[in-house]
Structures are given as structure tokens and as C-alpha cells.
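Please read the points below with the sequence and the model side by side. They are ordered so that each can be checked on the display before going on to the next.

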Amino acid sequence: MALILKKRSILPGFGITMGFTISYLCLIVLIPLSATFLRAASVTWPRFWQIVTDPRALASYRITFGASFIAALINLVFGLLVAWVLVRYSFPGRRLVDSLVDLPFALPTAVAGISLTQIYSTHGWMGHYLDMVGIKAAYNPLGVVIALTFIGLPFVVRTVQPVLEDLDKDMEEAAASLGANRWQTIIKVVLPAILPAALTGFTMAFARAIGEYGSVVFISGNMPMRTEITPLLIITKLDQYDYAGATAIAVVMLVFSFVLLLAINLLHKWSSKSQRGESSTKEKEVTIDTSLAPGYVQ
């Protein structure tokens, strides 16, 4: 009978490191989240439903998730453009621009909120000109979108940038040799290759925007039913010692976040799987219809 030998890892200590990892995650993530659910479970179902469906709570959900989704879409488009420029073009000040992309990571959210409010208020640098054409940015839902777009841009850029750097330029040259113009090459060759990374960046920007607080409270004006975000509503209830109401709304935010992140991650997984299957069957063959090259004979 053949002996089955377990292949040992080159690096020892798997059991210790795994135990430390699980203990750390339980202490930092699972226990606080479990405490939130347990605290909300102490509220009766009719009371819980009354809290989470209150008109003020529903309005905060709309502004939070709506503005976060719009900001994530904006970052998806312009993040791709910024990553493309930083990877494919050399220009004076490129390193400076590349460093500025990470500024929202290092900048305190309160500082970002104050700066954006000063810029987009009625008497601000840009808010003055926007007000002249009838657009009010600060203390308006538009200001919430601006703040969330500011803090979410680096997630898309830093996720897509390494993929663009590793993208084989021979595929684009082969597409051009088959008669594809620049837009056809981008749509049929470049975009499918960076789609999984773009979805990941969109997910991270969207998740970051849902929980944002510091940069929004200054520029939004915090008007109930109009510009009040859900995290601020939770803080307000905590200040009023309404712990049951705060935890009930927090549970709704957690459930919404889990469901949305799961859906987007499943979409990203499906996209990545389809990309791997396509590349393995075609073996780096450029996916361009031969109709793009009338003179090409296969």
C-alpha cells in the first residue's frame, strides 16, 4: 500500500499564524459586528421596523447609497482615464500627478471636508461661478457627491494602474495591423483586459463612500430629509442616547453593504473567470472581428 506523505510547507508556523489571524479578525471585526447585531436583537421587531422605515431614515438611505453609487461611477470613468494617462504617457510633472492621486488617502477627512466647503461654497473659488449659472454645490446633494468622488478616486486608479502596466502592447499592435482603429482597439482589447480590476476599484470606491463621514458633514449642511447621510443619523441618535435606534440603522447599513459587496464581487468573479477562459482558448489571440480588416485573409 502506497504511503501518502503530507507535503510540508517550506515556511514553518502555519498553525500559529493561522490561529493568530483568526483571533485578530475575531477581536477586531467579528466581535464588534456581532455586538451590533446582538444589541439590535434586543429591540422588538415592530419597533425595529418602525426605526429603520422612518421617513428620516429612508431619506438618509437614499442620499447615502445614491450619492455613493454616482460618485463610484464618476470615479470609474475618470479613474480609468487618469490611470491610462499615468501609464501610457510621459509628460513633465508626471510623478507629481501620480503622487497627488494618493492625497485623499493621507489627507484627514475633516480637512478634506473643510477644503471642499471653502472651494464650492457660494463665495468659494468654484462655487461662485457655479452659483452664477444657478448651480449650488455646497449644502446640497451635489456637494455630497463631490466629497465622495474626492475620497474614492485613488481606489480606482491604484487598482487599474498595475493592470495597465502589465498589459501586453503587442495585442494592441496586432489589433491595429488587422485594421482596427483606436476606439475599436480600446473597446475590444483593452477594456476586457482591465474590466475585473475596474470592477474591483468600483467596489472599493463604493464601499468607502458608503461609510464616509468626515468629509461629507461639512459640505452637505446636514439637513434632515435632504442632505443628511446615514452615518450622521447614527451619530445623532447616539448623541440623543437612542442606542436602540442607532444600532438598528447600523444593522441595516451592514446588511445593505454585505449584499451589495457580495453582488459586485460575484460579478467581478464571473468576469475574471470569463477572461481566463477566453485567454486560454485563444492563447493571446486578439479578439477582433475579421470584418474590421477587409484585406485580411485568414
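Predicted model: local features only at pLDDT ≥ 70, side-chain atom pairs only at ≥ 80, totals over all residues.

1. Tyrosine 241 counts as exposed, at 65% relative accessibility, where exposed means over 50% relative accessible area, buried under 20%, and partly exposed in between, with a 1.4 Å probe and protein chains only. Tyrosine 241 sits in the loop between α12 and α13, and although it is not a glycine, tyrosine 241 has a positive phi of about 60°. Most residues other than glycine have a negative phi.

2. With a relative accessible area of 47%, methionine 225 is partly exposed.

3. Residues are numbered from 1 along each chain as its sequence is written, and side-chain values use heavy atoms, with hydrogens and water left out.

4. As to the overall make-up, the protein has 13 helices and zero strands, helices being DSSP runs of H or I with at least four residues and strands runs of E with at least two, numbered from the N terminus. Of the 298 residues of the protein, 37% count as buried. Among contacts (heavy atoms within 4.5 Å) with a separation of 6 or more, 78% join residues 24 or more positions apart.

5. Which residues have the most contacts inside the largest nonpolar core? They are Phe48, Tyr61, Val160, Leu164 and Ile249, in a core of 38 residues; a nonpolar core is a set of buried Ala, Val, Leu, Ile, Met, Phe, Trp, Tyr and Cys residues joined through side-chain atoms within 4.5 Å. Two or more residues of this core come from each of α2 (45-52), α3, α8, α10, α12 and α13 (243-282), and α3 gives the most, with nine residues. A second, separate core has 18 residues, including Ala67, Ala71, Leu116 and Val216. In soluble globular proteins, nonpolar side chains tend to be buried together.

6. Leaving out residues up to four places away in sequence, valine 160 touches Leu80, Ala83, Ile194, Ala197 and Ala198. Valine 156, in helix α8, is buried with a relative accessible area of 0%, and, with neighbours within four places set aside, valine 156 is in contact with residues including Asn75, Leu76, Gly201 and Phe202. Valine 156 and leucine 199 are 43 residues apart in sequence, yet 8.5 Å apart in space, C-alpha to C-alpha.

7. Threonine 53 lies in the loop between α2 and α3 and counts as partly exposed, at 28% relative accessibility. From threonine 53 to isoleucine 249 the separation is 196 residues in sequence and 9.3 Å in space, C-alpha to C-alpha.

8. The axes of α3 and helix α12 (residues 230-239) come within 8 Å and cross at roughly 145°; axes are lines fitted to C-alpha atoms, for helices over the stretch in contact, and angles run from 0 to 180 degrees between N-to-C directions. Here Arg56, Ala57, Ser60, Tyr61 and Thr64 in α3 meet Thr230, Pro231, Leu233 and Thr236 in α12. By class, this contact has four nonpolar, four polar and one charged residues, where Ala, Val, Leu, Ile, Met, Phe, Trp, Tyr, Cys and Pro count as nonpolar, Asp, Glu, Lys and Arg as charged, and the others, Gly among them, as polar.

9. How many cavities of 30 Å³ or more does the count give? It comes to two; on a 1 Å grid over the protein atoms alone, a cavity is a set of points where a 1.4 Å probe fits but cannot get out, and lining residues have an atom within 4 Å of a point. Grid points are joined across faces, edges and corners, and a volume is the space filled by probe spheres set on the points. The largest cavity has a volume of about 50 Å³, and its lining divides into five nonpolar, three polar and two charged residues, with Tyr120, Asp131 and Lys136 among them.

10. The second largest cavity, with a volume of about 40 Å³, has a lining that includes Thr64, Ser68, Leu148 and Glu212. At least two lining residues come from each of α3 (55-88), α8 (141-166) and α10 (182-210).

Conventions
1 Å grid on protein atoms, 1.4 Å probe; cavity = no way out; pocket = protein on both sides within 12 Å on 5 of 7 lines; lining within 4 Å.
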